[in-house]
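Here are a few exercises to work through with the model open beside you. Try each task before you read its solution.

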There are 2 protein chains.
Amino acid sequence: MYTFNARLSSADLGSTSDTPEVSPEASEQAFRQASQQGIAAGPLSDDLLDRMHRYWQAANYLCVGQIYLKDNPLLREPLLTAHIKPRLLGHWGTSAGQNFIYVHLNRLISEQRCEILYISGPGHGGPTLNACAWLEGSYSEVHPDITPDVHGMRALFRSFSTPGGIPSHCGPHTPNSMHEGGELGYSLVHAFGAVFDHPGLIAACVVGDGEAETCPLEGSWKSVRFLDPRRDGAVLPILHLNGYKISGPTLEARTENAALVDLYRGRGYEPIIVEGDDLPGMHQRFAAALDRCHAGIRDIQDRARRGEAPVGDAGRTDAVRWPMIILRSPKGWTGPKEVDGLPVEGTFRAHQVPLAGVNENPAHLAQLEAWMRSYAPEALFDRDGALIEPLRALTPPAKLRMGAIPYANGGRLLTALEMPEFGDYALEVPGPGRVIAEAPRKLGEFLRDIMRRNPRNFRVFGPDETNSNRLNAVFEASDRTAFGPTLPIDDHISAGGRVMEVLSEHLCEGWLEGYLLTGRHGMWSTYEAFAQVVDSMVTQHAKWLQQCREFAWRRPLASLNVLLTSHAWRNDHNGFSHQSTGFVDNVLQRRADVVRVYYPPDSNCLVNVFDHCLRSRNYVNVVTVGKQPDFQWLTFEAALEHCSRGASAWDFASSDGDGEPDVVLACAGDVPTTEAVAASWLLQKHVPGIRVRVVNVVDLGVLASPEARPHGMDHQSFEALFTQDVPVIFAYHGSTWIIHSMVHGRANEARFHVRGFADYGTTTTPFDMVVLNRMSRYHLAIDALRHVPRLRSSASDASDFFSAQLRRHDAYIREHFEDMPEIRNWRWTDDFSESDTPPPLAKGHPRAQTFSDA
Amino acid sequence: MYTFNARLSSADLGSTSDTPEVSPEASEQAFRQASQQGIAAGPLSDDLLDRMHRYWQAANYLCVGQIYLKDNPLLREPLLTAHIKPRLLGHWGTSAGQNFIYVHLNRLISEQRCEILYISGPGHGGPTLNACAWLEGSYSEVHPDITPDVHGMRALFRSFSTPGGIPSHCGPHTPNSMHEGGELGYSLVHAFGAVFDHPGLIAACVVGDGEAETCPLEGSWKSVRFLDPRRDGAVLPILHLNGYKISGPTLEARTENAALVDLYRGRGYEPIIVEGDDLPGMHQRFAAALDRCHAGIRDIQDRARRGEAPVGDAGRTDAVRWPMIILRSPKGWTGPKEVDGLPVEGTFRAHQVPLAGVNENPAHLAQLEAWMRSYAPEALFDRDGALIEPLRALTPPAKLRMGAIPYANGGRLLTALEMPEFGDYALEVPGPGRVIAEAPRKLGEFLRDIMRRNPRNFRVFGPDETNSNRLNAVFEASDRTAFGPTLPIDDHISAGGRVMEVLSEHLCEGWLEGYLLTGRHGMWSTYEAFAQVVDSMVTQHAKWLQQCREFAWRRPLASLNVLLTSHAWRNDHNGFSHQSTGFVDNVLQRRADVVRVYYPPDSNCLVNVFDHCLRSRNYVNVVTVGKQPDFQWLTFEAALEHCSRGASAWDFASSDGDGEPDVVLACAGDVPTTEAVAASWLLQKHVPGIRVRVVNVVDLGVLASPEARPHGMDHQSFEALFTQDVPVIFAYHGSTWIIHSMVHGRANEARFHVRGFADYGTTTTPFDMVVLNRMSRYHLAIDALRHVPRLRSSASDASDFFSAQLRRHDAYIREHFEDMPEIRNWRWTDDFSESDTPPPLAKGHPRAQTFSDA
């Protein structure tokens with residue numbers, strides 16, 4: 001086991017060169033002793049230490065001001081209730097600890113001239129990021145109304161947690177935040193996403209001990225095993241144990257250091273523990289710890305980049321332990337020790353507003369004033385209210401300020417992908433439904449060539465399903481990322497691999513988010529049902545995108561592309577648990593200007609859609625298409641036109657000529673498309689003279705009224721497709737309500753009869769719902785006849801036949817475990833003759849692999 | 001640090017009494033040596049070992065049969081393609097390993113007479129559970145058509161992954177499964193939920209190494225810290241490292257044992273590693289490991305229950321390390337070593353169907369036959385096809401069989417809660433809107449008394465928000481569960497505490513699911529926005545409930561109750577990230593017979609709704625209500641009637657007399673209710689003579705047509721409430737599409753104009769959407785006037801006034817950070833006079849606490 005030199009003793013403080021061999025346990029012991037003795041020796045000179053301490057106090061002052069003050073920001077007058085906000089909101093608990101870390105990182109940046117991205121994990125970290133960005137000047141640069149003086153300070157205070165203002169969490173408004181910080185658990189996975197392919201970057205990721213209890217955070221630690229120190233940057237986790245959540249203690253704060261050391265070593269880190277509340281001892285120890293971590297990171301990277309063992313040695317990234325810091329400091333540090341006789345600093349009572357009711361309680365008002373004056377604002381800020389020069393000098397060089405580095409505003413780093421000509425990935429389709437193919441295969445080739453042309457800023461993520469999802473062509477461009485020793489049996493795995501597979505939807509989504517947020521491109525693919533595991537993460541990312549539109553200085557990001565391949569309709573064998581279409585339901589809750597939902601019906605449409613998605617900016621694009629061999633409908637040219645319209649009538653499957661149809665069979669999704677086309681075939685065969693129109697929808701958003709979604713199709717075009725009053729039987733991949741909601745406001749909306757996922761199938765066990773999906777064509781045909789008055793009686797024979805077929809099929813599949821021949825061998829035929837074999841695989845289409853069909 | 005005696009050396013095999021002092025590292029070393037040398041000594045006699053081995057082979061045989069055979073189940077004829085299923089589905093990879101564990105657990109149960117619940121974590125573990133339940137007879141007991149003979153064997157094979165049959169995952173059809181196993185990640189959290197308050201139970205939880213990569217699984221390990229050995233049972237995790245997922249290796253399989261030992265010790269476990277593929281050595285070592293684990297568990301429990309240190313010592317559950325097993329065995333163990341010249345056993349190629357194309361490839365067919373015959377079925381099953389007697393004798397005593405213990409069919413253990421009289425939790429409401437109160441406070445008292453009356457089968461879970469959610473009365477009945485040393489400063493924390501708080505929605509939901517699935521009652525509360533973190537888990541639980549309805553022998557379970565208190569409308573201060581209403585969208589995708597959604601508008605309705613929820617069975621109940629002080633509308637009696645109807649007109653707020661209204665103002669949700677009532681007040685004040693009807697909906701499902709949801713209100717009642725054609729302005733708590741979808745099929749559905757969450761607010765930043773929620777009344781009033789033709793012109797003054805008020809309010813709150821006085825002080829008045837103070841707190845209503853308002 002190779003480990004960076006994390007060993008540190010109290011004797012070693014102040015020196016970074018000559019390190020005695022001390023075990024980490026002894027090091028920790030020394031830290032604790034140093035803490036207890038208040039030892040102040042360390043890497044910081046007296047002057048530097050004094051100024052850093054005061055800079056910290058300035059940040060702390062600003063945090064208190066944000067929570068309490070609407071006026072008198074510098075306390076140049078005695079504090080009155082008129083200066084206090086009517087509602088006291090915000091969270092003091094995490095503020096001072098994070099300010100402490102921020103100030104120390106500034107020192108490291110200034111000394112080492114390194115690029116550090118600050119990621120704030122703890123909940124309600126907004127005040128810290130606002131305060132520190134304001135102090136370093138980056139806040140005013142993007143918010144010119146928040147000037148770096150007393151007026152700006154007042155405006156900052158007034159904007160915090162007030163109407164039209166800024167939230168208590170970090171978010172896009174503050175230039176030193178790279179993500180939406182409101183929902184806990186994603187800081188660490190975003191940190192790793194940020195440093196992939198950014199070899200010069202260190203993401204300093206502060207993990208709160210509340211956040212540390214979430215499952216996504218716990219599962220993120222293993223990301224370190226996927227790091228390649230040769231090409232990737234580093235994450236420096238700073239686990240901040242301040243002891244309490246809202247009202248209870250935190251698990252890791254109540255865990256002995258020895259067990260924490262076991263745990264984090266087992267996870268691949270070498271923790272340094274800095275613990276206490278003594279000053280200036282904590283400053284010296286934390287500065288020493290940071291120096292040691294920085295040196296450790298550089299040591300690992302330098303060795304790897306020089307080609308030395310062990311990194312690069314058969315991909316043994318497990319053989320490295322990366323540095324991290326465990327910081328134990330009091331919750332609400334430097335705040336009121338006691339309020340109304342109850343202890344506050346260091347307890348859960350410091351979580352939010354430690355002095356409540358300030359407007360009604362003169363004693364609390366006085367205590368607040370005393371607390372704020374304890375930071376000596378008059379000695380921190382000059383006459384204009386700007387930070388005094390000796391403290392301003394601590395600010396890192398302008399471009400390295402954590403609120404100014406481009407990684408925190410990734411769009412500044414974004415370059416367009418080098419895209420191959422997408423027409424090269426056309427599948428030859430001799431006629432509608434004349435060949436079958438696995439739709440994602442051509443996409444795999446497309447992604448392979450994108451990966452080749454963009455070797456440093458494009459990655460593909462997924463839960464071990466790249467092969468299974470028929471995207472395996474990408475392995476011709478790159479291997480899977482190795483996370484441990486490789487074996488001869490392994491398939492396309494190496495330390496340099498760029499296809500990132502881990503059986504965790506959270507990590508796939510989170511890594512990709514971090515990668516995109518720092519200016520790169522990518523996609524991930526997964527089971528449709530299990531995409532819902534990250535409903536909440538996608539929501540937060542979409543909220544980030546939505547809010548970023550308010551800030552012109554937030555440059556556009558590449559879209560988040562999610563490919564749902566093993567979809568609900570084709571999980572018959574896996575069973576009911578694998579059948580859910582709700583990911584799209586959730587995504588569609590977000591505002592229309594950040595969300596796009598696509599249902600390409602075949603391979604050529606899929607390539608078209610993906611080309612569009614990869615060129616788009618600031619969207620969440622969800623693309624759903626099956627991976628099983630299925631009918632191919634459109635030539636590449638037809639697909640291009642169809643996709644650019646978003647929806648169009650398919651003439652080959654329609655019989656309405658130039659006139660008004662009897663019924664519109666609409667469809668969105670590959671299985672519903674096949675079923676709708678087959679239903680049209682059945683109707684035309686069995687009800688001569690029927691006028692059917694088949695409309696396929698590939699871009700779901702066009703269904704909505706333009707008043708509801710700017711992306712919606714204009715009413716004239718909509719009615720040209722769907723008519724004004726003809727019944728529409730809509731075969732939809734997902735929940736019926738999505739379509740009902742989409743067509744709300746369209747002419748005669750009650751005529752839309754949606755057959756969605758849950759509505760298909762008629763038999764008793766849920767498991768059947770999908771096995772029987774090839775029965776949907778009969779249901780659709782019966783529905784169509786029921787809703788066309790002119791045919792209701794004349795076509796009753798056909799209707800009876802379809803019902804009989806339903807019953808026959810149901811019995812047949814239970815006996816033979818496959819579809820009836822007339823369904824198994826069905827294909828589109830212009831003369832409505834029956835076929836006795838299904839169509840062949842498309843020309844040049846690879847055979848399915850044997851071992852990866854999960 | 002106290003630890004159970006996990007030390008084991010090769011010399012120790014075969015003896016369980018006299019254990020030499022050997023370090024775990026040495027123990028592991030000894031295991032590995034023993035493995036390499038094929039040592040067969042151990043606790044199993046030759047005879048027992050031989051029979052256990054053959055029992056295992058029988059289980060393996062049955063797994064292969066499920067995947068491949070539709071006929072000739074015992075290979076009494078030469079194998080022909082006619083015997084092979086047309087589609088080969090299922091997963092061999094995990095089967096033999098899990099069979100191995102199952103057989104060994106049977107031995108432990110038989111010898112120790114202990115109750116063990118098997119929880120199958122690895123994906124696609126269905127074949128194992130089916131096979132083992134069939135062998136022990138429990139399968140046939142619940143599925144009489146699957147007889148314990150050759151006919152039943154054939155029927156079992158034919159049902160596996162075929163239409164109308166059973167899925168490839170464990171699920172409710174198999175009596176030894178306690179949960180839906182399709183979505184990976186929840187086995188361990190369910191295991192802990194199962195053993196809380198079941199002191200005699202051991203949940204043997206097999207965690208697959210694929211599953212081990214998921215975040216929910218990783219975050220579940222810490223559950224052990226919440227276990228109280230005095231009152232709870234034990235979880236025995238068996239981490240099964242078989243090396244590969246679908247096509248890539250697994251992270252933990254590629255992690256050195258030393259690092260795994262660090263990791264799991266840090267997590268609170270003492271791992272025993274059993275590794276290899278040598279036989280019978282693996283049997284002996286695994287048996288010894290199980291014996292040691294069992295003894296270790298009993299030792300911890302006995303000491304704790306005798307009151308000995310360290311458990312119970314100030315709640316120091318962190319001072320115990322619980323036993324676990326890490327089993328490294330080959331993927332696809334005992335299957336084909338090679339296929340077509342490529343290695344299969346022990347590789348990712350064994351994941352699914354190791355011999356593909358058997359129907360087309362005679363060599364594969366022959367290899368399949370040889371493989372199946374290698375288990376010697378003729379020596380395992382008698383002439384009838386039943387397991388031969390010497391092997392049947394290994395089956396545990398009937399009631400202890402893992403497919404027969406009631407824990408796996410928790411409804412058998414369910415007893416109704418002792419409920420206090422819910423009328424005792426009435427809030428005195430002197431008139432509609434005359435007092436304000438925090439709705440959850442009375443619910444807290446109700447839960448407190450339920451907890452007191454049901455000290456062993458009711459728990460409350462939440463992410464550290466019990467206090468914040470105003471449920472703190474429960475702490476009068478029980479503390480929070482301690483997970484480490486307690487400090488004097490701690491608030492209501494002790495080892496015996498039964499209120500379970502952890503900052504993880506996954507654990508809250510998962511523990512509760514496990515607790516309910518094993519026959520108990522409970523609820524959890526959380527932020528509405530972050531409930532979406534567990535969208536996917538709730539989906540799987542609802543699917544379990546839905547499928548259980550197919551099996552009468554699956555006894556009803558207590559409903560899963562989720563209280564969403566910090567809801568989207570009241571998270572102004574926390575910001576946009578905290579505002580999302582999508583949890584209900586997701587839940588409503590499930591079938592109506594397993595889902596109920598409630599929006600109680602006040603405290604008395606909340607108590608009524610919760611009383612109903614806690615008495616209900618087999619539902620997911622989602623109850624959304626705010627925790628902030630808000631208007632109280634209904635007396636307890638009125639609330640009881642209102643809730644039992646699900647929706648009713650509120651006469652006090654209506655002005656339609658006995659006639660048809662001009663407009664219906666409908667509302668669901670507490671904030672929308674206030675706004676709708678206020679809108680009615682505004683309309684009546686400013687548009688004299690207007691006929692408004694206010695309809696409040698508390699049980700959302702009643703809106704749906706009875707054809708769509710059996711729970712829906714009949715059309716006559718619906719039209720009595722909403723009329724047939726009067727415009728309805730519907731103020732809804734969540735997404736508009738829910739209401740549109742619900743009212744689909746009702747008379748003139750296009751007249752429903754829904755104002756949902758995203759539609760409220762008019763200004764630029766998303767953060768405003770909620771701060772401005774008190775502006776919604778004006779929007780609703782304007783909408784109402786716009787949709788009533790008879791008023792459109794005559795009421796234009798009123799409409800202009802409302803618009804002007806909207807603009808005034810928008811400016812006012814940005815200056816003063818609170819609502820305009822006429823909104824701040826508004827209350828319902830019968831004479832439409834304005835009020836200059838808001839109503840008082842309800843009588844006896846406790847004041848909000850200072851420190852827990854997060």
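**Exercise 1.** What distance separates the centres of domain 1 of chain A and domain 2 of chain A, taken over C-alpha atoms?

*Solution.* Some housekeeping to begin with. This is a predicted model, where local features need pLDDT of at least 70, side-chain atom pairs count only at pLDDT 80 or more, and totals for chains, interfaces and linings use all residues. Residues are numbered from 1 along each chain as its sequence is written, while chains are lettered from A and ligands numbered from 1 in the order in which they are written.

Step 1: find the domains. Chain A splits into domain 1 (2–411), domain 2 (422–629) and domain 3 (648–819), with bounds from an automatic or database domain assignment.

Step 2: read off the distance. The centres of domain 1 and domain 2 of chain A lie 35 Å apart, over C-alpha atoms.

Step 3: look at the contact. Domain 1 of chain A puts in 36 residues and domain 2 of chain A 39, where contact means C-beta atoms, placed from the backbone, within 7 Å. On the domain 1 side, α7(A) gives the most, six residues; helices are DSSP runs of H or I with at least four residues, and strands are runs of E with at least two, numbered from the N terminus.

**Exercise 2.** Is A:Leu236 buried or exposed?

*Solution.* A:Leu236 sits in strand β4 (residues 234–241) of chain A.

Step 1: count neighbours. Buried takes 20 or more other C-beta atoms within 10 Å, exposed 12 or fewer, and partly exposed is in between. A:Leu236 has 25 such atoms within 10 Å, so A:Leu236 is buried.

Step 2: list partners. Leaving out residues up to four places away in sequence, A:Leu236 touches residues including A:Ile202, A:Ala204 and A:Cys293.

Key:
Two residues are in contact if their C-beta atoms, placed from the backbone, lie within 7 Å.
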